[in-house]
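Hi there,

Here is the structure I promised to pass on to you. Have a look at it first, and then read my notes below with the model open beside you.

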Amino acid sequence: MSEELVAGAEAVARAAHAGQRDKAGRPYAEHLAAVAAGVRTRGGDAALVAAAWLHDALEDGVLSEEWLRQAPFPQRTKDVVRALTKRHGEDLEAYARRILATPGARLVKTADIAHNADPRRLAALDEPTARRLALKYATMRAHLGLTAAD
């Protein structure tokens, strides 16, 4: 694995998401690190681990499409980041179709859902939010052909 590529993506992601917190108040970089580790564990290569670090950057608005276009990352990394960026007003079926059509995106999304849906993580949220998110993740798993074990 190209550790230089992964380290570069990690550095960019940590800087871009600095100060950002998840719904439970934890530093957002913890989620990114967990997704990157999940991709690595699932056999993802350096381009996919880099995409894991960057997977929320466009959607969260911390980096722009223009930045991504010019970034010194492989095209495969950029394609996966774009595929994982849910568009305003886009339904989950269309989002899932784009993920399934982009090589490597399903693997990164699998790691993302696995971390987001972790019962320990959901337990840190208020009950209505945890229920809403658990349903959202279950629906997305179904659209991607994943099971709760994935």
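**What I found**

Let's begin towards the end of the chain: Arg141 is found in helix H9. Please keep in mind throughout that this is a predicted model. Is Arg141 buried or exposed? Its relative accessibility is 13%, so Arg141 counts as buried, the cut-off being under 20%. Setting aside neighbours within four places in sequence, Arg141 is in contact with Ile113, Ala114, Ala117, Leu146, Thr147 and Ala148. Take Ile113 from that list: Arg141 and Ile113 are 28 residues apart in sequence, while their C-alpha atoms are 7.8 Å apart in space.

**Helix H7**

Ile113 is one of the buried residues of H7, so let's turn to that helix next. Helix H7 runs over residues 105-116, which makes 12 residues. From its first C-alpha to its last it reaches 16 Å, close to the 16 Å expected at 1.5 Å a residue.

How many residues of H7 are buried? The count is 9 of 12, and H7 is mostly covered. Among them are Ala105, Val108, Thr110, Ala111, His115 and Asn116. What do the buried residues of H7 pack against? Their partners are helices H2 (28-41), H3 (46-54), H5 (75-83), H6 (92-101), H8 (119-122) and H9 (127-144).

You can look at one of these pairs in more detail. H6 and H7 pack at an angle of about 125°, and their axes are 7 Å apart. That angle makes H6 oblique to H7. On the H6 side the contact is made by Tyr95, Ile99 and Leu100, and on the H7 side by Ala105, Arg106 and Lys109.

In soluble globular proteins, nonpolar side chains tend to be buried together. Here, the largest nonpolar core has 43 residues, and Val39, Trp53 and Val108 touch the most other members. Helices H1 (3-16), H2, H3, H5, H6, H7 and H9 each supply at least two residues of this core. Which helix gives the most? That is H3, with 8 residues.

Not counting residues up to four places away in sequence, Val108 touches Val35, Val39, Leu48, Ala52, His55, Val80 and Leu84.

H3 deserves a look of its own. In H3, 9 of the 9 residues are buried, so this helix is largely enclosed by the rest of the structure. Trp53 is one of these buried residues, and they also include Leu48 and Ala52, both touched by Val108. The buried residues of H3 pack against H1, H2, H5 and H7.

**Salt bridges**

Side chains of opposite charge can pair when their charged atoms come close. How many salt bridges does the structure hold? There are 13. One of them joins the side chains of Arg121 and Asp22, at 2.9 Å from N to O. Arg121 lies in helix H8 and Asp22 in the loop between H1 and H2, so the pair ties together parts that are 99 residues apart in sequence. Both Arg121 and Asp22 are buried, with Asp22 at 13% relative accessibility. Not counting residues up to four places away in sequence, Asp22 touches Tyr28 as well as Arg121.

Other pairs sit within a single helix. An α-helix has 3.6 residues a turn, so residues three or four places apart point the same way. In H7, Lys109 and Asp112 lie 3 residues apart, about one turn of the helix. These two form a salt bridge in which the closest N and O atoms are 3.1 Å apart. Lys109 is buried, with a relative accessible area of 11%, and Asp112 is buried too, at 4% relative accessibility.

In H9, Glu127 and Arg131 are 4 residues apart, again about one turn of the helix, and their side chains meet in a salt bridge (3.4 Å, N to O). Is Glu127 buried or partly exposed? At 48% relative accessibility, Glu127 counts as partly exposed.

Finally, look for Glu65, Glu66, Arg69, Asp79 and Arg82, which are linked in a network of salt bridges.

Enjoy exploring!

Notes. Residues are numbered from 1 along each chain as its sequence is written. This is a predicted model: local features need pLDDT of at least 70, side-chain atom pairs count only at pLDDT 80 or more; totals for chains, interfaces and linings use all residues. Side-chain values use heavy atoms; hydrogens and water are left out. The expected span of a helix is 1.5 Å times one less than its number of residues. Buried means under 20% relative accessible area, exposed over 50%, partly exposed in between (1.4 Å probe, protein chains only). Contact means heavy atoms within 4.5 Å. A nonpolar core is a set of buried Ala, Val, Leu, Ile, Met, Phe, Trp, Tyr and Cys residues joined through side-chain atoms within 4.5 Å. A salt bridge is a side-chain nitrogen of Lys or Arg within 4 Å of a carboxyl oxygen of Asp or Glu. Axes are lines fitted to C-alpha atoms, for helices over the stretch in contact, and angles run from 0 to 180 degrees between N-to-C directions. Angles under 35 degrees count as roughly parallel, over 145 as roughly antiparallel, 65 to 115 as roughly perpendicular and the rest as oblique.
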